[in-house]
Amino acid sequence: MRIGVTGASGMLGAALIDELTNKHQVFATSRSRGYEKDGVQWECFDLTNLQKLNRWLVNTKPDVIVHCAAMVNVDECENNAEFAKKLHIDTTSTIANYLNQENKKLIYISTDSVFNGKKNGSYIESDQANPLNVYAETKLLGEEPVLLMESGLVLRTNIIGWSKSGKMSFAEWMLNGLVKGEPLTLFTDVIFSPLHVSDLSIIISQAIETEISGLYHCTSKDYVSKYDFGIKMAEIFNLPVDNIKKISIEDIHFEANRPKNMSLCSEKLNSILKYDSPTVSDAIELMKSQYDNGWLSRIKGVKLENNYNFWRG
């Protein structure tokens, strides 16, 4: 199949290229080139230029697009709401309209932060969304044109893994601090259910080959606080925890409000795909395994160091 991937230079994009090129031809787009591999064709442009986006759609003739592109800096979205709207809503509408006319499939990667975080327990798909910030609001509005499609699939998720670009992911930032012994202040009152990007790319590959459509949560089977996530990461990577300190999110002033509970329940998706979601510990173990087995040298294109600080160049 011909698979388009937007935001392909990001962390999920690299994992998708690695997974999807085993069976399909991948057409990747982003502002800059990412992971190079046989079976992927790159074209770099600003996705919010809808004229260029339409031209790319016509030229590539995709059977499926996985729409990963997002402005993931939550505070930056608050300060640049117009661009967040263009990227999360306008580009999604453009892609959805084109693919729906061609009777093709769109997979939209949404977020776990569309709820207000006040629920006790994990959120399910039928829970009422109530976004607290521009990022979550625009990502939620981006879901709408996808769910109006015949073959539109929305996956709400939260991902961890190794980033392809020089910018560290959340898990890499935490690991960097653990390695260097730098103070890490982590929230005890913010919980989430992160999924490794490689596991998400496998799920997306399965979804491409099925007729599944609609709205699904796609995360780990359990959840942890940001503080407990740091403790788990230190234990799995065999690093000290002395530098990890507890803090409440209420003690920090952010530009954007953030929900305390971002945990999602993936049972609906699991039942459809006959899939058993991994745990948070499984996700961290996979990061460790990828490091140990040389996966990163292929994805990142750099020589690895033994002290986990290879992302510094």
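Biologist: Okay, Lys-61 first: buried or exposed?

Modeller: Exposed, because its relative accessible area is 52%. Buried means under 20% relative accessible area, exposed over 50%, and partly exposed in between, with a 1.4 Å probe and protein chains only.

Biologist: And where is Lys-61 placed?

Modeller: Lys-61 is in the loop between α2 (50-60) and β4. Its phi is positive, about 50 degrees, although Lys-61 is not a glycine.

Biologist: Before I go on, what kind of model is this?

Modeller: A predicted one: local features need pLDDT of at least 70, side-chain atom pairs count only at pLDDT 80 or more, and totals for chains, interfaces and linings use all residues. Residues are numbered from 1 along each chain as its sequence is written, and side-chain values use heavy atoms, with hydrogens and water left out.

Biologist: What's the mean pLDDT of the protein chain?

Modeller: The mean is 91, and 93% of the residues reach 70 or more. pLDDT is the predictor's confidence in each residue, from 0 to 100.

Biologist: Where is the pLDDT below 50?

Modeller: Over residues 302-313, a stretch that has 27 contacts in the model beyond near neighbours in sequence. A contact means heavy atoms within 4.5 Å. Where pLDDT is low, the predicted coordinates should not be read in detail.

Biologist: Noted. How many helices and strands does the chain have?

Modeller: Eleven helices and 13 strands. Those are DSSP runs numbered from the N terminus: helices are H or I with at least four residues, strands are E with at least two. The radius of gyration is 19 Å, close to the 20 Å that the globule rule gives for 313 residues, so the chain is as compact as a globular protein of that length. The radius is taken over C-alpha atoms, and the rule is 2.2 Å times the number of residues to the power 0.38.

Biologist: What share of the residues is buried?

Modeller: Buried residues are 56% of the 313. As for contacts between residues at least 6 apart in sequence, 73% join residues at least 24 apart.

Biologist: Changing topic: which residues of α8 are buried?

Modeller: Helix α8 covers residues 226-236, and eight of its eleven residues are buried. They are Lys-226, Tyr-227, Phe-229, Gly-230, Ile-231, Met-233, Ala-234 and Ile-236. Just after α8, Asn-238 takes a positive phi of about 55 degrees.

Biologist: Which loop is Asn-103 in?

Modeller: The one between α4 and β5 (105-111). Asn-103 is not a glycine, yet has a positive phi of about 60 degrees. Asn-103 counts as exposed because its relative accessibility is 57%.

Biologist: Now Ala-81, where does that sit?

Modeller: Ala-81 is in helix α4, which runs over residues 81-101. With a relative accessible area of 34%, Ala-81 is partly exposed. Ala-81 and Thr-138 are 57 residues apart in sequence but 8.6 Å apart in space, C-alpha to C-alpha.

Biologist: Last one, Val-72: buried or exposed?

Modeller: Val-72 counts as exposed, at 59% relative accessibility. Val-72 is in the loop between β4 (64-67) and α3 (74-79). C-alpha to C-alpha, Val-72 and Ala-84 are 9.4 Å apart in space, and they are twelve residues apart in sequence.
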